[in-house]
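Hello,

Here is the structure I promised to pass on. Please open it first, then read my notes below.

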Amino acid sequence: MGKLFEDFSLGLFFWQAVLFLALVFLLRKFAWKPILDSVNDREEGIKNALDSAEKAKLEMQNLQADNEKLLKEARAEREAMLKDAREMKNKMIEDAKAEASESASKLVAQAQASIESEKKAAIAELKSQVANLSVEIAEKVVRTELSNKDKQLQLVETMLAEKSLK
Amino acid sequence: MRRKISLKPITLLLLLITFVSYAKEEGTQGEPKNDRAAFVKEYIQHHLKDSYDFGLYSYTSDEGEHKHIGFPLPVILWDNGLKVFSSSKFHHGEEVAEVGGNYYKVHHSKIYKVDGPNEQIIEDEHHHATNEKPLDFSITKNVSLIILVFGIMFFMFSRMAKSYTKNNGMPKGMGRFLEPIVLYVRDEIARPNIGEKHYKRYMSYLLTVFFFVWIVNLFGLTPIGMNVTNNIAVTLCLALITYLITTFSGNKNYWKHIFWMPGVPVPMKIILAPIELLGTIIKPFALMIRLYANITAGHVVLMSIVGMIFLFQNWIGSSLSFLLAFVLAILELLVAALQAYIFTVLSALYFGMAVEEHDDHH
């Protein structure tokens with residue numbers, strides 16, 4: 001211990017204190033602060049980058065899930081639409097068919113009806129014409145026949161004969 | 001990689017050069033072994049002390065003249081006024097320096113005032129000089145190394161800081177090597193010991209003290225022979241700063257644990273208070289002694305083993321000593337870093353105790 005006290009040098013202590021404290025303050029300003037700050041910034045940056053990467057990954061996953069869902073929905077919708085369309089098509093065909101057959105049968109009925117009425121009209125006209133003709137013919141025949149006495153008698157006789165034959 | 005390999009032998013070579021000159025001198029004069037042992041012992045003691053000039057090595061020329069290779073440093077004294085002069089006036093402690101009518105002489109690496117140009121130091125029975133000692137603020141060899149380390153550290157770390165701004169927040173060159181060490185101090189020393197909330201306040205001190213002690217210790221291992229950390233004044237200064245920071249950042253909880261320990265009965269509280277109070281002083285005191293003793297012991301052992309090379313003066317003994325010295329030098333490299341680490345960790349631990357907030361009972 002005595003040797004330690006004897007060896008103690010006040011001058012060295014003074015210079016060490018002055019120089020060391022000056023070194024601490026100088027280095028704090030010119031070295032440690034900028035160094036630790038930039039290291040800190042860098043570490044923060046890395047941490048943030050990792051965090052945002054993680055976030056982006058999660059977002060990506062969410063997006064993918066959303067996409068999947070949308071795709072599924074779209075597929076279902078398409079399916080439904082196709083089904084609707086098919087149904088509609090079938091219905092339309094059926095309707096058209098029904099309508100067509102209905103109108104056809106109507107047409108047929110109409111045609112038949114008109115044919116019938118035409119026929120009737122034709123028959124009626126034919127009958128009246130036949131009657132007129134018959135009357136005219138009969139007139140002419142009667143006129144010619146009755147101009148000759150013999151012939152009149154002959155007619156009467158023929159007619160009578162026919163009547164009797166019958 | 002090539003540079004790293006070639007440095008070690010050069011360092012060792014330089015280390016040996018210092019001694020080779022002595023070996024020659026001793027060999028020619030054929031001194032007895034005891035004298036050589038005494039010489040080695042004296043040399044080691046001289047080496048452990050501070051000096052007023054920057055001596056690289058010394059030898060005795062063929063004419064028997066003691067030659068010193070190195071350069072003088074400024075001596076600054078306060079003795080009824082500031083006195084500044086070159087240490088070359090002392091002629092390596094052999095002569096009395098005369099400055100402004102006052103006479104000074106170096107005795108055991110300390111400056112004493114003497115009465116006249118031919119006066120000698122008067123010693124008491126314990127071989128302590130009784131002469132008056134002027135206040136001594138000289139730039140000694142150790143102070144010059146502190147200044148050198150100051151310059152190196154400022155250059156190194158301010159350049160590193162600049163490389164961050166120039167390089168988009170990434171270190172460049174030396175910074176790439178230094179950044180992991182800085183981060184180690186932050187993540188392994190400061191954060192776990194002080195806590196996430198407060199550690200930032202102490203980073204400047206912890207980083208500076210870590211690199212300062214480490215670099216200074218490494219310089220102590222170079223053959224220019226400067227040992228800043230084996231001066232009790234230096235370690236006292238560092239420990240004192242740790243103590244002051246701890247004391248002034250102590251919160252209510254810290255002082256409560258010292259003066260009125262919670263969770264123990266009242267008589268125990270009264271007994272514990274002085275013990276705890278003493279503990280706050282013992283902790284930095286241990287820091288001071290630990291660093292001082294480790295580095296001093298390392299130097300003494302290493303130099304003793306190097307000295308053995310010249311004591312044996314035969315092939316087997318000397319080469320074995322050389323091998324041992326080599327292994328020990330590598331161990332001292334580890335100790336240099338380890339002591340810096342321990343000093344920083346313990347400082348951080350004390351700061352952590354001072355700012356601890358949660359109320360735990362121990």
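The axes of helix H7 (residues 252–259) of chain B and helix H8 (residues 266–312) of chain B come within 7 Å and cross at roughly 125°. Axes here are lines fitted to C-alpha atoms, for helices over the stretch in contact, and angles run from 0 to 180 degrees between N-to-C directions. H7(B) and H8(B) are therefore oblique to each other. Angles under 35 degrees count as roughly parallel, over 145 as roughly antiparallel, 65 to 115 as roughly perpendicular and the rest as oblique. Helices (H or I, at least four residues) and strands (E, at least two) are DSSP runs, numbered from the N terminus.

His257(B), Ile258(B) and Phe259(B) of H7(B) meet Ala273(B), Glu276(B), Leu277(B) and Thr280(B) of H8(B). Two residues are in contact if their C-beta atoms, placed from the backbone, lie within 7 Å. This contact has 4 nonpolar, 2 polar and 1 charged residues. Ala, Val, Leu, Ile, Met, Phe, Trp, Tyr, Cys and Pro count as nonpolar, Asp, Glu, Lys and Arg as charged, and the others, Gly among them, as polar.

Before you go further: this is a predicted model, where local features need pLDDT of at least 70, side-chain atom pairs count only at pLDDT 80 or more, and totals for chains, interfaces and linings use all residues. Residues are numbered from 1 along each chain as its sequence is written, while chains are lettered from A and ligands numbered from 1 in the order in which they are written.

Helix H3 (residues 141–166) of chain B and H4(B) have axes that come within 10 Å and cross at roughly 100°. That makes H3(B) roughly perpendicular to H4(B). H3(B) brings Met156(B), Arg159(B), Met160(B) and Ser163(B) to the contact, and H4(B) brings Met174(B), Gly175(B) and Leu178(B). By class, there are 4 nonpolar, 2 polar and 1 charged residues.

Helix H4 (residues 174–194) of chain B also pairs with helix H9 (residues 315–355) of chain B: their axes come within 7 Å and cross at roughly 30°. The crossing of H4(B) and H9(B) is right-handed. A crossing is left-handed if the near helix is turned anticlockwise from the far one by less than a right angle, and right-handed if clockwise. On the H4(B) side, the contact includes Val185(B), Ile189(B) and Asn193(B). On the H9(B) side, Thr344(B), Ala348(B) and Phe351(B) are among them. The contact of H4(B) with H9(B) has 9 nonpolar, 3 polar and no charged residues.

How is chain B divided? It has domain 1 (29–56 + 68–139) and domain 2 (142–355). These bounds come from an automatic or database domain assignment. The C-alpha centres of the two domains lie 30 Å apart. Contact between them involves 12 residues of domain 1 and 16 residues of domain 2. Helix H2 (33–48) and strand E1 (53–60) of chain B each supply at least two residues of the domain 1 side. The largest share, 7 residues, comes from H2(B). That side has 8 nonpolar, 1 polar and 3 charged residues.

Next, the contact between the chains. It takes 29 residues from chain A and 34 residues from chain B. On the chain A side, helix H1 (2–7) and helix H2 (10–146) each supply at least two residues. H2(A) gives the most, with 25 residues. The chain A side has 21 nonpolar, 4 polar and 4 charged residues.

Last, the record. In an unreviewed entry, UniProt lists residues 12–32 of chain A as "transmembrane region". UniProt positions are given in the numbering used here, feature names are shortened, and annotations may be inferred rather than shown by experiment. In the model, residues 12–32 of chain A are 100% helix and 0% strand, with end C-alpha atoms 26 Å apart. UniProt also places "coiled-coil region" (unreviewed entry) at residues 36–91 of chain A. That span is 100% helix and 0% strand, and its end C-alpha atoms are 80 Å apart.

Best wishes
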